[in-house]
Amino acid sequence: MREYLLVLFVAMATTFLLTGLARKVALRYGAVAKVRARDVHKVPIPYFGGVSILGGLIAGYLVASSLPFLGDSLQVAHDARAILIGGVVICAVGVIDDLYELDPVTKLAGMVLAVGVMIVQGIQLFWLPLPGGILSPPPAQLAVVTAGILLVSCNAVNFVDGLDGLAAGVTAIGASAFFTYSYLLNVEQNLDRATTSTLITVALAGACLGFLPHNFFPARVFMGDSGSLLIGLMLAASTISLTGQMDPNAVPYEVGGSSLLPALLPLILPIAVLAIPALDLTLAYIRRTKAGRSPFAADKLHLHHRLMQRGHSHRRAVLLMYLWTALIAFGVVVLGLLLAWWTVLIVLAVTITAMVLTTGLPRRTGRPLAKV
């Protein structure tokens with residue numbers, strides 16, 4: 001655990017220090033978020049926060065490689081390196097988009113390239129946990145499923161990146177939840193605690209936490225597509241890599257028994273971690289296609305916009321999104337690893353609290369949503 005904490009703080013400190021430099025570079029080359037009707041910031045904000053996040057991830061990986069615990073695992077080193085190479089590719093695509101505003105098809109092609117780079121190097125699903133036991137389709141089919149999951153994750157986080165500190169905070173919470181699950185499961189089942197999943201998620205959590213002081217409202221720098229696409233890819237890839245290093249028979253399957261839910265967590269938890277971004281993405285797709293518009297056509301009806309329209313302040317809307325993300329992600333972990341009456345009671349109490357805080361604030365009238 002001490003080595004993981006070191007990786008966390010190295011990634012956090014590196015990202016924090018690099019973000020100021022990235023901001024200056026963005027201003028110099030004109031990579032700024034201009035004022036648009038669908039945004040909520042009031043002045044142009046520089047991009048390139050994603051580059052500093054990538055720097056934090058790489059720094060965490062380099063430190064881990066030199067440590068006796070994490071550095072001794074050849075598979076962790078290979079898989080983490082493969083994931084980071086894909087991260088470099090997608091971050092580069094995001095940087096180009098932040099500078100020149102790529103069209104959706106070109107941006108999608110760049111994302112597919114990054115995903116393909118990772119899959120070719122062996123980062124993909126190897127089995128699927130289902131209630132009836134382990135399902136192991138042909139590798140080619142699993143590669144297609146993996147690509148779909150990675151692309152959805154990238155776009156889901158990109159969609160939720162609409163308020164200061166929102167995407168970074170949601171990702172930090174999700175990464176922390178999956179790290180908690182992966183580490184505790186390995187301890188409980190007496191498995192190898194050095195895994196790519198735990199390494200990437202702890203580094204990702206640290207990088208996002210290091211970025212938040214610059215990005216929380218009022219933000220001085222945005223992560224841009226170079227950051228939102230990157231952290232979405234890292235979050236999904238870290239969870240997928242778990243199936244390549246975890247023995248599928250390590251957790252027994254007992255349909256109807258207490259061990260079923262922990263066995264299904266590798267499948268359920270990634271969905272829970274991305275529940276809020278994925279819900280936002282799904283609603284946006286339905287909303288736009290139903291109106292006869294392109295799914296990529298931007299609007300001001302995302303979940304965070306609706307919270308502000310209900311009268312929540314910018315910061316309160318972000319904190320509520322944090323709360324719901326933590327509730328879903330950590331709630332699944334707690335109930336999966338320790339299902340008892342008191343854990344159910346705690347999750348239920350937090351759920352009721354979240355609902356009251358979300359819906360209990362009186363709607364403001366006569367006050368339009370702030371425009372960029």
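**Exercise 1.** Which residues does Met 355 touch, not counting residues up to four places away in sequence?

*Solution.* The structure is a predicted model, in which local features need pLDDT of at least 70 and side-chain atom pairs count only at pLDDT 80 or more, while totals for chains, interfaces and linings use all residues. Residues are numbered from 1 along each chain as its sequence is written, and side-chain values use heavy atoms, with hydrogens and water left out. Begin with the location: Met 355 is found in helix 14, where helices are DSSP runs of H or I with at least four residues (strands being runs of E with at least two), numbered from the N terminus. Then look for contacts, meaning heavy atoms within 4.5 Å: leaving aside residues up to four places away in sequence, Met 355 touches Trp 324 and Gly 360. The C-alpha atoms of Met 355 and Trp 324 are separated by 9.1 Å, although these residues stand 31 residues apart along the chain.

**Exercise 2.** Locate the two positions that UniProt lists for "binding site", and decide whether each is buried or exposed.

*Solution.* The unreviewed UniProt entry lists Asn 158 and Asp 225; they are spread over 68 residues of sequence, yet they cluster in space, with a largest C-alpha distance of 6.8 Å. UniProt positions are given in the numbering used here, feature names are shortened, and annotations may be inferred rather than shown by experiment. Next, place each residue: Asn 158 lies in helix 5 (residues 139-160), and Asp 225 lies in helix 8 (residues 224-240). For accessibility, buried means under 20% relative accessible area, exposed over 50%, and partly exposed in between, with a 1.4 Å probe and protein chains only. Asn 158 has 18% relative accessibility and therefore counts as buried; Asp 225 has 12%, so Asp 225 counts as buried as well. Finally, inspect the neighbours, not counting residues up to four places away in sequence: Asn 158 touches Asp 225, Ser 228 and Leu 229, whereas the contacts of Asp 225 include Asp 97, Lys 107 and Asn 158.

**Exercise 3.** Determine where Ser 153 lies, whether Ser 153 is buried or exposed, and what Ser 153 touches.

*Solution.* Ser 153 lies in helix 5, the helix that also holds Asn 158. Ser 153 is buried, because its relative accessible area is 1%. Not counting residues up to four places away in sequence, Ser 153 touches Gly 232, Leu 233, Ala 236 and Leu 274.
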